[in-house]
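Here are my notes on this one, as promised. Have the structure open while you read.

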Amino acid sequence: MPSEAVHPATFSDGRTAARHAASVTLADEDIAIRVGEDCVARWRYEDLRVVDDLPTSMRLCSRTQPDARLALADAEAVRAIAVLAPALRGRRGRGHLRNWAAALAAIVVVAGLFALVPILAKPIARLVPKDWEAAWGRHNLEILLPHLGGECAGQEGRQAIAALSRRVAAANALAGPFDIHIARSNEINAFALAGGHVVILDGLIDFARSADEVAAVLAHEMAHLHARHVTERIVRDTGLGMVVMFVTGDPTSFVGSTAVLLASLSYSRADEAEADAMGAAMLAKAGFAPQGMAEFFRRLAARGGALPAILSTHPPDLARAAAVEGTTTAGTPALTAEEWAAVKAACDS
Amino acid sequence: MSIVTREPERSGSDRLPRHHFRQDGTGKAVFGIAVRNFALGILTLGIYRFWGVTRLRRYLWSSTRFLDDPLEYLGTGKELFIGAVVAFAVLFAIVFTTQIGFLIVLGPEVEELRALPGLIVGVLVPVAIYRARRYRLSRTAWRGIRAGQTGSALKYAVIWLAWTASLFPSFGLSWPLRAVALARYTMNHTMFGDRFFTFEGKATTLYRPFLVAWGAAAMAVAAFAGSVAVLQPTVPEAGEPAAPGVIIGFLALMLALLLISFWYRAAQMRFVARHTRFGDLSFSADIRGRQLAWLWFSNFLIVLLTLGLGLPYALLRGARLAAAALTVHGDAAAITVAQNALTASKTGEGLASLLDVDAF
């Protein structure tokens with residue numbers, strides 16, 4: 001209810017830092033601010049904005065004079081104005097709904113980014129030029145090999161493996177040179193690096209009972225390269241890392257890194273399954289017997305000590321063995337007995 | 001307007017009125033903000049932090065009063081968010097170009113390039129510091145009049161980098177010169193309304209406390225080196241722990257250096273305050289090293305024991321100490337200052353927050 005009562009206040013006009021004792025009169029459409037005898041400002045109710053809402057006073061400005069400050073300590077005046085000024089009235093309630101909507105929007109956006117990055121990684125990986133991949137792969141190789149005990153020197157073994165990879169590549173019309181390296185480490189593993197590099201560890205060669213098994217692993221890794229999984233994973237991991245780093249504002253946050261790890265692992269399981277299928281097909285086309293793969297996985301599973309599925313970078317071994325089972329056909333052995341012996345002996349120097 | 005003659009000892013001039021900043025913030029309110037920021041931060045996977053920081057600053061600013069009027073913080077979370085996006089894009093472009101781009105063009109043999117992003121980031125730190133301060137000042141107002149900061153972040157960065165580099169060949173002895181150069185550039189470009197602050201300190205005055213601190217630090221290091229020579233004449237094998245006396249001695253050395261640095265920092269703060277003016281107003285800082293040390297250690301414990309949730313409260317305690325220590329000399333009510341015409345930059349702080357050099 002507008003009243004003609006005069007309320008005490010203080011006023012700064014926003015053009016200088018001076019503060020004046022003032023009085024405020026509430027009229028029908030606006031409030032009149034008087035300093036001494038002069039009316040220095042008339043502010044319409046709809047233009048009023050709150051600058052500060054402290055327990056002891058309320059400070060107002062007007063949309064027309066955003067730098068001016070009117071401080072009201074009179075509780076009655078504050079109440080009267082709050083009733084009449086729309087900006088002041090709905091202030092608290094409206095804010096909550098908007099905040100919840102904003103929070104929800106933020107979660108949706110972040111979740112969307114997490115989902116979008118792996119989807120975009122594939123087409124982006126396809127756009128990466130071959131030289132970039134080659135340079136990146138060479139760089140990674142130089143970093144990785146020393147950690148794996150260095151490359152093995154056995155020439156005949158290397159040439160035998162290289163010839164094998166050329167046969168697979170030729171039969172499947174695979175693009176690009178493939179460089180096969182044998183490293184001295186005792187772990188049972190093999191990697192594909194960008195630019196056509198495959199690293200097979202001596203531990204895997206020792207574990208393999210026949211050249212067919214090694215050929216299966218080789219074909220599997222070459223399939224990874226052919227499908228550009230490696231580049232895709234680099235793009236995806238970089239993208240996810242960036243999203244996490246930006247969202248949390250902290251590149252080392254524990255939550256962030258686990259989230260990225262889980263996201264990148266689950267996608268690489270799909271990649272692994274694809275490489276298994278592709279590798280078996282490649283072996284068959286090259287005329288080799290694909291049993292090697294099934295055999296290899298069966299023996300790997302029998303070894304035991306497998307990691308829980310979600311935390312391992314590979315799907316459970318038995319599942320892989322079963323997936324490849326139905327593709328067995330007859331074929332020529334991958335390497336001659338001589339070549340196989342040479343490969344086994346590649347790291348013996 | 002009265003003309004004030006500068007007195008050598010501030011405390012002797014009883015003719016001038018004195019004013020203090022009043023900090024009325026409560027731990028309860030700040031803790032409420034901290035909990036809310038934490039909860040919403042988790043809920044939005046971190047994106048809320050820009051709005052959370054804004055809310056905290058708004059409280060800290062508005063709970064600080066000068067001449068009965070509160071300071072106002074005019075920044076918004078949206079500005080900080082956009083600033084961070086821009087800074088992120090810039091940083092990413094830099095890292096991408098140097099890491100991957102150069103790698104492809106020049107090949108993996110050029111190992112020196114691995115250090116390039118680090119160097120670029122190092123150069124950007126003073127830029128970020130200057131821009132962040134400019135943003136905060138431009139979003140600070142009192143009685144509706146805005147503060148501000150002019151000058152170029154790049155020029156500041158050059159001063160900062162050149163003087164920081166000088167610390168190495170001089171074994172740290174150029175520190176007071178560096179501090180004065182930085183304070184001069186910063187303060188002379190700081191403004192409230194349409195008037196600039198001025199800083200006219202000379203490094204020679206600062207050298208007296210600095211040399212005392214430097215000498216004490218040198219003696220502490222020498223004492224430690226001597227004790228090591230006595231207790232551990234041979235270098236221990238890898239994996240073998242050093243003699244317990246050496247470890248204790250090292251911790252004692254760190255503690256001594258820390259306390260010496262607090263003592264000196266307080267002296268430097270007093271120096272900067274004493275030589276800063278705003279029109280007819282002058283300043284003094286009544287701060288001692290032991291107050292800084294107490295604040296630092298207790299804040300460290302608070303933040304540690306609350307796993308970070310107590311950080312806003314630690315900032316409040318710092319604000320309280322600053323308000324209690326700073327005195328404004330002169331008739332502040334008589335100062336005439338007009339609104340400045342600086343257009344506020346929209347994106348000031350993104351770089352600082354990404355490089356982790358923003359204060360709060």
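1. A network of salt bridges links A:Arg19, A:Arg59, A:Arg69, B:Asp69, B:Glu72 and B:Arg143. A salt bridge here is a side-chain nitrogen of Lys or Arg within 4 Å of a carboxyl oxygen of Asp or Glu. Over all chains, the count comes to 18 salt bridges.

2. Before going on, some ground rules: this is a predicted model, where local features need pLDDT of at least 70 and side-chain atom pairs pLDDT 80 or more, while totals for chains, interfaces and linings use all residues. Residues are numbered from 1 along each chain as its sequence is written, chains are lettered from A and ligands numbered from 1 in the order in which they are written, and side-chain values use heavy atoms, leaving out hydrogens and water.

3. Helices (H or I, at least four residues) and strands (E, at least two) are DSSP runs, numbered from the N terminus. Both A:Arg59 and B:Glu72 are buried (under 20% relative accessible area; exposed is over 50%, partly exposed in between, with a 1.4 Å probe and protein chains only).

4. A:Asp67 also has a salt bridge to B:Arg146, with the closest N and O atoms 3.3 Å apart. Since A:Asp67 is in the loop between β6 and β7 (69-72) of chain A and B:Arg146 in strand β5 (residues 145-149) of chain B, the pair joins two chains. A:Asp67 counts as partly exposed, at 21% relative accessibility.

5. On to helix α5 (residues 155-172) of chain A. At 1.5 Å a residue, its 18 residues should span 26 Å, and the end C-alpha atoms are 26 Å apart, which agrees; the expected span is 1.5 Å times one less than the number of residues. Its buried residues include A:Ile161, A:Leu164 and A:Val168. After α5(A) comes A:Ala173, with a positive phi near 50°.

6. Chain B has a closed barrel of ten strands, β1-β2-β3-β4-β5-β6-β7-β8-β9-β10, with antiparallel pairing (strands pair if DSSP finds at least two bridges between them). Four bridges join β9 (residues 281-285) to β10 (residues 326-329) of chain B, and B:Ser284 stands opposite B:Thr327 in β10(B).
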